[in-house]
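Here are my notes on this one, point by point. Have the viewer open while you read.

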Amino acid sequence: MFAFTEASETRIVKILAKYPEERKVSALLPLLTLAQAQEGYITPEAMVDIGKRLDVSPAYVESVCTFYTMYYTKPVGKYVVKFCINISCHLNGCDNLLEYTEKKLGIKEGETTPDKKFTLLKEECLAACCEAPVMQVNNKYHVNMTPEKVDQILESYQ
Amino acid sequence: MNTATQTDTVTLTIDGKTVTVPKGTVVVDAAKTVDIEIPVFCYHEKLGPFGCCRMCLVEVEKMPKLTTACTLAAGEGMVVKTNTDKVEKAQKGVLEFTLLNHPLDCPVCDKGGECPLQDNTFKFGPPDTRMEYNRFHRDKATPLSPVITIDRERCIACQRCTRYSDIIEKDQALVMLNRGFQNRVATFNDKPYDTRFSGNVIDICPVGALTNTDFRFTARAWDLTNANTLCGHCACNCNMTLGTRLNEMKRITTRPNDLVDDGWICDKARWGYDFTKSKNRITQPRKQGQAVSIQDACSEVAASLKKIVEAHGPQSVGFIGSGYGLNEDLYSYQKLFRQNLGTNNIDHKTYTDTPGLPVAHFDLLDVETSDLVVLIASDPTEELPILDLRLKKAMTRQGVQMVVLNDQQTLMDKYATQSLRYNVGTDGAVLAGLNAALQGQSAGSDLENKTGVSVDQLKTLAEKIKSAGKVCVIYNPAALTGSSVHILKQCLSTADGLAETTVGAMPAAPVTNSVGAMDMGILPDSYPGGVALSDGDTIKAKWGDTAPLEKGLSALEMIEKAKSGELKALVVYRSNPVVDFPSGHEVGEALKKLDLLVIHDMMETETAKLAQIVLPSNGPGFDEGTTTNVGGRVQLRTKGLTTDNPADWKIVSMIAKELGQETAPKDVHAVTAEIAEKVNGYQEIKRSAIRKQGKNRGAVASTNGASASDGVNTGNGLVLRVANVLFSHDKILDAESNLAHQFQPSTVHLHASDAATFGVKEGDEVRVTGNGHEVKAEVRVSNRCNPGGVVLPKVSDEQGVMSLAEAGKAVSWVTIRK
Amino acid sequence: MTEILFKDINTPNLASIDVYEKTLDGYKALKKAFAMEPDEVVEMVKASGLRGRGGAGFPTGLKWSFLAKDVFPRYLACNADESEPGTCKDRELIMKNPHLLIEGMILCSYACRIETGYNYMRGEFWEYEPVMEKAMEEAYAKGYLGKNILGSGFNLDIHTHMGAGAYICGEESALLTSLEGYRGEPRLKPPFPAVEGLYGKPTIVNNVETLCALPYIVRNGAEAYAAIGTEKSKGTKLVSVSGHVNKPGNYEIPLGTPTIDLIEKYAGGIRNGNKLKAFIPGGSSVPMLPASQADVPYDYESLQAAGTMLGSGALIVMDDTTNVVVEALVLTHFYMHESCGKCTPCREGTRWMYQILSDIITRKGKPEQVELLNDICDNMAFKCFCPLGDAAVAPIVSSIQYFPEDYEDLIASLKSEQPVGTH
C-alpha cells in the first residue's frame with residue numbers, strides 16, 4: 001500500500017497552491033517526484049493515489065511518468081550514479097570513466113549492485129559541459145571527474 | 001450555444017482547383033471536396049488536427065517549409081500543391097519511415113484489404129525500403145481486452161486510439177507509455193481496456209494494430225457481404241455495418257451518421273450480436289411444445305382468438321408488445337387488435353407515459369447546439385451510451401452546460417454544472433417544485449425535507465433555464481415514478497412559455513424503438529400518431545367505424561385481469577414479463593390462468609415457456625423496417641441475414657387474414673407507406689427520404705395526462721430504485737456472449753447511514769427483500785443515492801430484481817437482511 | 001571584457017539578497033521600471049536589440065509585443081530547462097546569481113502585465129531548487145515579489161517548477177505542455193504561446209539568460225546595451241566553451257567576437273598542444289564547422305552566413321585527434337533518446353541513423369550508407385513536428401559535408417582491429 005507521509009502531505013498542499021485549482025494536474029510531476037523521493041521509485045499504487053488527487057486516470061499518470069527519464073518504475077539502488085555520456089563529456093573521456101566505474105562496482109550500466117546500494121546509469125547532457133566529465137549521485141553534481149574522484153566519491157556514499 | 005451558424009467561407013486553390021469551404025476547414029478536408037486525396041494516418045475528423053504522422057505534407061505558396069494539410073486551416077487565397085516533386089519525395093520519405101519497423105505481415109493481417117497503410121503505400125509510397133536492420137520487435141497479438149487484440153509491432157504511433165480514449169470517451173484509459181521509438185499504446189498496469197466504447201479504436205486504427213478478437217482470422221474483409229443497418233439495442237439506433245459471410249454474422253463496424261451516432265458505436269452494438277447465431281433463438285413455430293408450420297400456428301392463433309372474443313367479448317383478449325419491435329411490426333399488431341379483434345387492450349410498457357410532447361422533439365444534434373441540457377432521471381452511460389458520448393462532447397468541447405436531476409449518481413454528474421439528487425421516489429414532488437419555480441412560485445417549505453432538494457436549488461435551476469436561450473430536456477420516462485411524467489410535461493410547457501427560452505425535449509426511454517412504440521399507438525388509450533380515444537372522428541376516419549373507442553387495459557392491468565380470470569387470451573410480442581415486469585414473480589401464475597398465451601419472440605424466455613403457441617420473431621440482423629430513435633429520427637433498418645421464417649409484420653398479416661382481413665400488404669414497404677399515410681408525423685417518412693441519414697418525423701399529437709398528484713405510497717424500509725446496466729446478462733447477452741467479461745455481480749447500493757441501520761457493511765452478502773420476493777446482492781456503501789433509498793442495478797435476468805418492485809405502485813419498499 | 005550577466009559572478013554569497021543588492025545594485029531596476037508604463041519597458045527592450053538567448057535568437061521585445069491584447073491572466077514561463085548539449089550557462093547563473101533571474105522575471109512580468117510566473121527548471125537541477133526557493137523567499141520578504149511590489153500596485157507571484165528529465169521540454173510549447181502536467185510533447189504552432197500558451201492563456205516563454213539581461217537594460221538604458229556587439233547582434237552572450245580546450249568555461253563576450261578568440265584567448269587554446277579540427281558553435285543542434293572557419297565572428301548573422309547558427313551559445317571544440325563520425329554518433333544517440341516519439345520521421349529516423357552510424361563506427365559500414373544518411377537527413381529536415389528533428393540531422397549533414405574522409409576512413413579500414421571508442 002502506498003500513502004504519502006505527513007511531511008509529504010504538507011509539501012503537497014504547498015505544491016497544489018502553485019497552480020490554478022482547475023489546472024491542478026500541473027502538480028503531476030512534482031507529486032511523482034515526491035512519491036519517488038519517498039519510495040525510491042514510483043509504484044502503481046502511487047500512480048493511483050496521485051491520479052485520484054489530480055482527477056486524472058492512473059493510466060494518464062503512468063503515461064506521463066514513463067515519458068520522463070528521471071522517474072523509475074522499478075526499484076533502484078540507494079544511490080543512483082549517473083554519468084553524462086553526451087558530447088562534451090565524451091570528448092573528455094566519459095567512456096573510460098564509465099567503464100572504470102562498471103568494473104569498480106562490478107555491474108554493467110543499467111544494473112544495480114547485489115547489495116542494492118548502487119545503480120549505475122548513463123545520462124544525457126547534464127548541463128555542466130564546461131566541467132566535463134560529469135557524474136551525479138542521487139542528483140548531486142560531481143564535476144571534472146577522474147577515476148580517483150570516482151573512488152573518493154563512491155567511498156563517501158558507503 | 002453556437003446557434004449562430006458559421007456562414008463565413010474561404011476560397012483557396014488546391015492543385016489548381018478552386019475550392020470554397022467553411023472557415024476553419026483544414027486543407028485535408030477541403031481537398032476531399034474536390035476529390036483530391038491527401039493521405040493521412042493520424043488525422044481523424046472527429047479527433048481534430050494533430051499532425052504527428054507527417055503523411056499529409058503539402059506545399060503552400062509563401063510558406064518556406066512543407067506543411068501538414070491536416071493542421072492547416074484553409075485560408076483565403078491560399079495556394080496549395082499536393083503533387084509537386086518536393087511533396088512526392090516527402091511522402092515517400094514519410095512512408096519509408098512509417099514502414100521502417102512495421103512488419104510486412106499483410107498476408108496474415110486482418111486489416112488487409114481495408115488498411116490505410118497498405119493503401120497509402122500503394123498510392124504514394126516508395127517501391128521498397130532501404131532499411132537493412134532487423135525491425136524493432138515487440139509482442140505479437142496480445143489481448144488488450146477479451147475482445148480486442150493488440151499487435152504492437154504494427155502500431156505506427158498515430159495516437160488515434162489514445163486520443164479517442166482521451167477526447168471522445170473521456171476516460172484516458174488507453175494511453176501512450178514511454179517515449180521515442182520505445183513508446184507503446186497501453187492501459188494502466190496492463191489492465192484490460194474494457195470501457196463501454198472500446199471497440200471504436202479498431203475502426204479508427206489505420207493499421208492492423210488493433211483488431212477485433214472475435215473476427216480475427218474468420219474472414220477477409222473483401223469476402224464479407226456488408227449490410228448498412230441500425231443497431232437494435234438501445235434507443236439511439238446507431239448506424240452500423242453488419243458484415244456477414246455465408247449468412248452468418250461476422251462482425252459489426254461503425255457506419256458514421258453525424259446526426260445519430262457521430263461516427264461511434266458502443267461495445268454492445270459491436271459485440272452484442274451473438275444472438276443472431278445463438279442456439280436459444282426461437283426459429284421454429286410450435287404449439288403446445290410441438291413443432292408446427294408457421295401457417296398452422298397463425299391459423300391456430302387466429303381461430304383461438306376469434307373463439308375467445310366470440311365467447312367473452314373483445315375485452316377478453318390483449319396484446320403486450322414492446323419497444324423492441326419495428327414500427328411496421330408494431331403498427332401491424334395494433335391494427336390487428338383494434339380492427340380485427342375490436343379491443344384497445346394494447347400496451348408495451350409498465351410505466352406511465354403519453355405520446356408526443358408539448359414542446360419540440362429535439363434530436364441528438366440539438367444536444368450540441370443547446371445552451372443548457374437538463375438531464376432528468378436518465379443514465380445515458382448505461383441506457384443510451386451514444387448519448388453519453390454526445391453529452392460529453394457538448395459539455396467538454398462545445399461549452400454546453402448541463403444540470404442533472406436524478407435519484408442516483410451517474411457518470412454524467414462529473415460533467416454537470418449542477419447535480420440535484422432527489423430522494424428515491426420523490427421525482428413527482430421535485431418536478432412539481434421545479435414547475436412552481438419556473439412560474440416564479442415557491443414549492444412548499446417541506447420540499448427539501450421530503451425530497452432532498454431545496455427550493456433554492458430549484459430556483460437556481462429555474463433561473464438557469466430562464467436565462468438559457470436553448471434548453472434541451474432529456475428524461476427517461478421509464479425511471480419516473482407514478483404519473484410524474486405528466487408533471488414533467490407541465491414543466492416543459494411552463495419553460496417553453498418563458499419569453500427568452502426555446503425548449504425542446506427528448507424522451508429517453510432506453511429500449512430500441514420506445515418512441516416508435518408510442519407513436520404506433522401501442523397504448524390502451526391512444527391510436528397511432530397520438531390520437532386520443534376522445535377523438536372519435538379522426539379514429540373512425542382512419543380506422544373505420546368499428547374501431548374501439550373505450551380505453552383498453554394497460555400491460556399491468558392485463559396481467560391483473562389474467563390473474564382474476566377476466567382476460568382470457570394474451571399475445572406477448574418481444575417482451576418477457578416474467579422477468580421484466582414489476583412483481584414478475586407473480587406474472588407466471590397469472591399467465592397460466594389464460595386460455596391462450598401466444599409468445600412471439602426472438603429468444604427463448606421464461607415467459608415463452610408458459611405459452612401454448614410460440615411464434616418466431618427474426619429480430620435485428622434479419623428484419624427490415626423502420627425505428628424511431630430518442631431524437632424522433634426515423635431510420636431504415638435493413639437486413640444482412642436471411643431466414644425462411646416470415647417477418648413479424650407478415651405473421652401478423654397472416655393472422656389478420658385468418659380473421660377476415662381482406663387486404664394484405666405485399667411487402668414491408670407497403671406497411672411503411674401505410675404508416676406514412678395514417679400516422680401523424682410520419683407523412684414524410686418514405687424509404688427514399690430516410691435511406692441515408694434518416695429523417696425526423698413530424699409532431700405527434702400530444703395529450704397530457706391528468707396532472708395526478710405526486711402522492712407516493714408509504715411503506716417500511718428503503719425505497720427501491722432499479723438501475724439499468726448496459727451489459728446486463730440477459731437473453732441478448734447470454735453466458736456465451738463476447739461481452740460476458742463485462743457482466744457484474746448483483747450489488748445493492750445504500751447510504752452509510754442506512755447501512756448502519758441495517759447492520760451491514762461494504763462487501764457483505766445480503767438478501768434484499770420486498771414484495772414477497774428476495775434478491776441476493778453484495779453491499780456497496782456509497783453516495784449513489786440519498787439516505788432512505790437503495791439502488792439495485794439490474795445485472796441479469798436471473799437476479800430477478802424487478803420482482804422486488806410492486807406492480808401498480810409508484811414506489812416499492814425493501815429491507816436488507818444478512 | 002564586457003561583463004553584464006557575469007559581473008562579479010564569483011562574489012561569495014552572491015545568492016543572498018543582501019550581497020546581490022550591495023554588489024550589483026540588485027533590484028534597483030524595479031523602481032526605474034515601475035516609473036515607466038509597461039509598454040515603455042517593452043519599447044526599451046525592443047530598442048536594446050536583446051534577442052532570445054535560448055536558441056532561436058528571436059527579438060525579445062518583439063515577442064512580448066505579440067501577446068494577445070487584453071487577454072488575462074497571462075503567464076511567464078522562464079525556460080530553465082537547459083539541456084542543449086554543450087550548454088551550461090543557465091546553470092551557472094541560477095547556481096550563483098538567482099536574484100538576477102528573479103529580478104529579470106519581475107521586469108518581464110511588469111512589462112507584459114503578467115501576475116504569475118513559473119520557473120521551469122530541468123529536473124536534474126535538483127540541487128538548485130532550494131537555491132532558487134531561498135532566493136525567492138528573500139525576494140518576497142523584501143517586497144520584491146507578492147502583492148503591490150514596492151507600492152507600484154503591481155502584483156507578481158513566481159513559482160519554481162521542476163521537470164523530470166526530457167530534453168524536448170526545452171522547446172517552448174513542450175515546456176508548457178509539461179508544465180500543464182502532461183507528457184512533454186510539443187504542440188501545434190500556431191497558435192504561438194504569446195496567443196495561447198500556458199492553460200490556453202497568453203504566455204511569454206523566455207530563457208534564463210534573456211531574462212537575466214533585463215536588469216542591466218532597465219538600469220542603464222537600451223542604448224548602453226545596444227552599444228555592445230554588432231549592428232544586428234547587440235549586447236553580450238554567454239558562451240559555454242567545452243571540449244578539447246585548456247580552460248573550458250562560460251565566458252561572456254560582446255557579440256561579434258571572433259570565434260577563434262573564444263577558443264584561444266578565453267578558453268586557453270586547444271589542449272595538449274593539439275590542433276583545432278572542428279567546432280560546433282551553438283550547441284549540438286547546429287551544424288559543425290571546420291577549423292578553417294574559426295575566425296567567423298561569434299554573432300547571429302555571421303554564423304548564419306557560415307551555414308550554422310549561434311543557437312544556445314555552446315561552443316564545442318574538437319581537436320585533430322577526433323573522428324567526427326564518433327561525435328555524430330554520440331549526438332545521434334542523444335536525439336534518438338530524446339525524441340518524444342510523437343512524429344514519425346524523428347522517431348524512426350533518429351533510430352535508423354543511429355543504426356547506420358553504429359555500423360560505420362564498428363567498421364561494418366558501406367560506402368553507399370553515407371549517401372543514405374544524407375538522404376534520410378533530407379527526409380527529416382523541416383518535415384518533423386518540431387525542431388528536434390531538424391536538430392538531429394545537423395551533426396550528420398555537417399560532418400559529412402566537412403569531413404567526408406572521417407567516414408571514408410572508417411568504411412575503408414575494414415581490417416583495422418581497433419574499434420573507435422564510443423558508448
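1. Let's begin with chain C, which has 17 helices and 11 strands. Its radius of gyration is 22 Å, close to the 22 Å that the globule rule gives for 423 residues, so chain C is as compact as a globular protein of that length. Bear in mind that this is a predicted model.

2. Take the contacts in chain C between residues at least 6 apart in sequence, and 70% of them join residues at least 24 apart.

3. Now the contact of chain C with chain A. Chain C puts in 47 residues and chain A 39 residues. On the chain C side, two or more residues each come from strands S3 (157-162), S5 (236-243), S6 (249-254) and S11 (314-319), and from helix H13 (324-338). H13(C) gives the largest share, 6 residues. Sorted by class, that side of chain C has 18 nonpolar, 20 polar and 9 charged residues.

4. Chain B next, where the domain assignment gives domain 1 (286-349 + 514-620 + 643-667), domain 2 (362-383 + 391-409 + 430-507) and domain 3 (718-817). The C-alpha centres of domains 2 and 3 of chain B lie 27 Å apart.

5. What does domain 2 of chain B bring to its contact with domain 3 of chain B? Domain 2 brings 9 residues, which are in contact with 13 residues of domain 3. On the domain 2 side there are no nonpolar residues, with 5 polar and 4 charged.

Note on methods
Residues are numbered from 1 along each chain as its sequence is written. Chains are lettered from A and ligands numbered from 1 in the order in which they are written. This is a predicted model: local features need pLDDT of at least 70, side-chain atom pairs count only at pLDDT 80 or more; totals for chains, interfaces and linings use all residues. Two residues are in contact if their C-beta atoms, placed from the backbone, lie within 7 Å. Helices (H or I, at least four residues) and strands (E, at least two) are DSSP runs, numbered from the N terminus. Ala, Val, Leu, Ile, Met, Phe, Trp, Tyr, Cys and Pro count as nonpolar, Asp, Glu, Lys and Arg as charged, and the others, Gly among them, as polar. Domain bounds come from an automatic or database domain assignment. The radius of gyration is taken over C-alpha atoms; the globule rule is 2.2 Å times the number of residues to the power 0.38.
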